[in-house]
Amino acid sequence: MKNSNIKRSFNRSLAAIAVGACLAASPMTFADNVSGSIYGKAIQGKSVTIKNPATGFKRVVVVGEDGRFNFSKLPTGKYTVDNGVDTRNILVAIGKGSNVDFTEVSEIISIVGNSLVSIDTTSVESTSVFTAEQIDLLPVARDLTSVALLAPGATAGDSGLGNGNTASFGGSSIAENGYFINGFDVTNIRNFTSFADLPYDAVSQQQVRTGGYGAEYGRSLGGVVSLVTKRGSNEWKFGGSIESTPASFREDGKDVTSRDPDLEYSNRYSSFRSANEFDSLSYNAYASGAIVEDKLFFFGLFEGQDDESNTFGKQTSETMKDDSPMYLLKLDWNISDDHLLEMTYIDNEETQEFTSYSNPEGMYYTGTHGEAADPYEITKGGDVTIVNYTGFLTDDFSVSVLWGNMTNELETRNPDIGPGAECELVFDRRETPSSSQSIGCWGIAQGQSTVPEAGIASDTDERDSLRLGAEWILGEHTLRVGYDQEKFTSTKRGTTFTGGEYWRWHVAQDVDGAGGQSVNGAFVTAGEEYIRHRESNTGSASYEVENTAFYIEDTWQVTDEWMVYLGLRSEGFENRNGDGDSFVKSDSELAPRLGFSWDMDGDGNKKLFGTAGRYFMPIAANTNIRAAGTEWSYEEYFYVDSADENPITAAPDKVGDAIGTRNSNGDEKAPDSRTVAATNLKPMHQDEFILGYQQQVDDWILGAKAIYREVKDGMDDYCSHQPFIDYATENGYNDFDYKSMAGCMMMNPGNDFSIALDLNNDGNYEVESVPEEYFGLEKYKRTYKALEFTFEKPFADGWFLQGSYTLAKSEGNSEGYVNSTLEQEDAGLTQDIDNALFQHGAYGALPNDRRHTFKAFGAYQVNDEISVSVNFSLQSGRPRNCVGFIPLDELRDELGVDAGGLANYGASSFYCGGVLGNRGDQGRTPWVKNVDLGLTYKPEYVDGLTVKVNVRNAFNFQEVTEYNETGDVGSASSRLPNPNYTTPVNYQAPRRITLTARYSF
């Protein structure tokens, strides 16, 4: 083999101790989500020194009477460990402890990407860590979620939720994860489906916790993903990269032809994608080094982009251009070897420019742009500021302080009101009863169905967070305590329909040979025209969420072979309405955590471990907005008057007689805070149990794990009132007016409902406990059962391989904080328990239920200059459903006052075509297989240059990932069968090729 820089850059080796010695038992020094640790054995009374050669940071401790030493809360990176006789090279990884045993003879082993793959007998967590070097080797997209999906038990979320860039861990919904950058929680808790972005080339390590995490972590039922960014060193370094995925290197998307035999040519597609084009180009430049040698370090990265998409629909098309830059700045100050301070700043504001086009009249699905409308911009994102302090006050006692601030703007439009916003929103279904045709002068070209309230600032979120921690090593015990407090403020700008109203023209159909159809409880003769009219409004306000937590934990090395972990976390949650009044407050929800690790043979080759823990989920700020804010709407139906529609707006100039009664929902006045949530409300929480085993076999590390998760006291909003009327009547409160209540109320289904009621209708509210049998709701159910098998071969002989197989089952009557079936991402405010009828047939296999998942990824070094890599996955399909409208005609009498509100719901129940089905009873989507391939070339004659080609979905597999599950169209008051039920909605992303060039010096 040639002795070249290319060889050294591809296979960066570090000296490490022999595997047996590396895994010898030693007291665990717990590492958090921003740092790591080094611990081990040496001769009593001797000094052990650790040093980061890149920064000059070092610490010295004296080995204790038990022959052990510990270095906690170390910044990630490469270290030397010296006992005065021998020196070892160690990589400190995020959230990991690295073991060094100077009582054993060492040997040198080669580690790819500067990561040591070994069995950690002192840890009970289920954790995967990926370094920047490892990620560079693999053909995965350079973003947080793509890398997280390499971890066992991680599943891609529904493509229609969270912008398709979030993951499900262990059967949880995509809105139940936590995301951290340099120790700061950057999860957006407005709806929990997004997180702060950053230029991913600035990431040094990514950690994915999929279960068993300690008491320091909460506010998550799924996974915890932590990023540590790169930092400067004494050596000045510069570089940059360019990455391109041209439209010409992407395969076309697949169209879906409508199955409606009555549709004319103008509506022939239910999905049209084949003409869409996407060009992606990103580039970055970085610099890092020492401002003051060994003391003050700088790392800065600028990332630019030049993205363009052209998408085409039936009548309109659109161009989106995005050239927004992102920035990251990192400063590290080694005040002394005992005091460290670091600051991170990220600017991730993004502005996208849109131009909409309208096809010439009578031209549909042209695949070309028509007449352009005025362009507009969408601005989103903001910035993140993080300050970390770590103090080593003694060899055994350290403290940490973190302060962070995050601001985020939610898609502000400029101009905020486009052309046509003064026109009513009008659709026509007279010619195509199952498909709406947009008509009139409203701003369809800009995609505006609603307009914001004038004079009000755009929607924003802001988080302020403070975290305090202390660690004390006391013999065989590592004691840690901590406190954190965060305040999250969300503003909401009110909206209304364009023109203030919504109209939809219909013609009655002959349903089942009856000569007509039911419309809003009345029979309308086939061929007769009628019109649906709606208004929908939301108010403007600012809302606050405050979450606090205190934790204490003890990692106890009972013997050299046995480690026991004991932890307790106390959580506090408070949510306030727009007036600042608290409507949910819980001060001390206790979450115990237990774990053990047994080094079975005492040599680190076999490990049995287990964990048990309770985890709580806070209430999303979106709940404050939706449940404690102002929302009101109504729906009504009319016969069509003989007069024509308005020639400009296409709305009727006047209407005929009403059909049925008006259906109303909500109120223009914010509800009394005492009526918004149950006083006995328990935050959604989950119990988790894991039992695992790991063994080293030659060069391989094999693992097996059994996982059980069960949600306890799930939480959602309940939006019905007849049960309260029944309770009041049966208890002699004849003056009770249900309109004194909130439109929707937070509750734990299946429990008694304690809430403030004005039973005497005299303005005095008192808490009443209404028994659970009045509501007809079962307890919230969600379980996840899994067997997980892992295999891992570290880099040796020119190749490495890693992967997992997961056999899992996720079932229940609610998915969680979102509803993927309906693509509803109002966290904690799904339709699941709005009325007991939505729970009929709801128990079954949940949307994230993937029974079989196999993953494998690795790389092979062909020679000094060329390497190849692969990322393979094979996964069974998701459950399929049939959802439709609740059959109001048959149920109006028993629904009472709730019938009118239910008429406003879409096709969202398991009643399909008026017949009750069951969740997941329509089979499954096909198995999905994917192969990504990578080729890396590092030319020997250009030191520092790397050229890479990644081919994602190399074989262009195009399995269906989602079907149309809506069995009904129209409305609950005017239901028709959907001819496009079971047609494909989404397919695998087509093959695309990404070209990357990197240069560093």
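Trp403 sits in strand β29 (strands are DSSP runs of E, at least two residues; helices are runs of H or I, at least four, and both are numbered from the N terminus). The model is predicted, so local features need pLDDT of at least 70 and side-chain atom pairs pLDDT 80 or more, while totals for chains, interfaces and linings use all residues. Numbering starts from 1 along each chain as its sequence is written, and side-chain values use heavy atoms, leaving out hydrogens and water.

Trp403 is partly exposed, at a relative accessible area of 38% (buried is under 20%, exposed over 50%, partly exposed in between, with a 1.4 Å probe and protein chains only). Together with residues including Val401, Leu466, Tyr483 and Phe550, Trp403 makes a nonpolar surface patch of about 800 Å². Patch members have over 30% relative accessible area and no salt bridge, with nonpolar side chains joined within 5 Å; a salt bridge is a Lys or Arg side-chain nitrogen within 4 Å of an Asp or Glu carboxyl oxygen. Areas come from the Shrake-Rupley method.

| Strand | Residues |
|---|---|
| β29 | 397-414 |
| β33 | 460-474 |
| β34 | 477-492 |
| β40 | 541-557 |

Now for helix α6 (residues 722-730): its buried residues are Gln722, Pro723, Phe724, Ile725, Tyr727 and Ala728. Among the elements covering them are β48, β51 and α7 (contact means heavy atoms within 4.5 Å). After α6 comes Gly732, with a positive phi near 85°.

Elsewhere, 5 strands form an open, mixed sheet ordered β8-β15-β16-β11-β12 (pairing takes at least two DSSP bridges). β8 and β12 are the edges, each with a single partner strand, so one side of each has no neighbour in the sheet.

How values were computed: Patches are made of residues with over 30% relative accessible area and no salt bridge: like charges are joined within 9 Å, nonpolar side chains (Val, Leu, Ile, Met, Phe, Trp, Tyr) within 5 Å. Accessible areas come from the Shrake-Rupley method with a 1.4 Å probe; for residues, only the protein chains shown count as cover.
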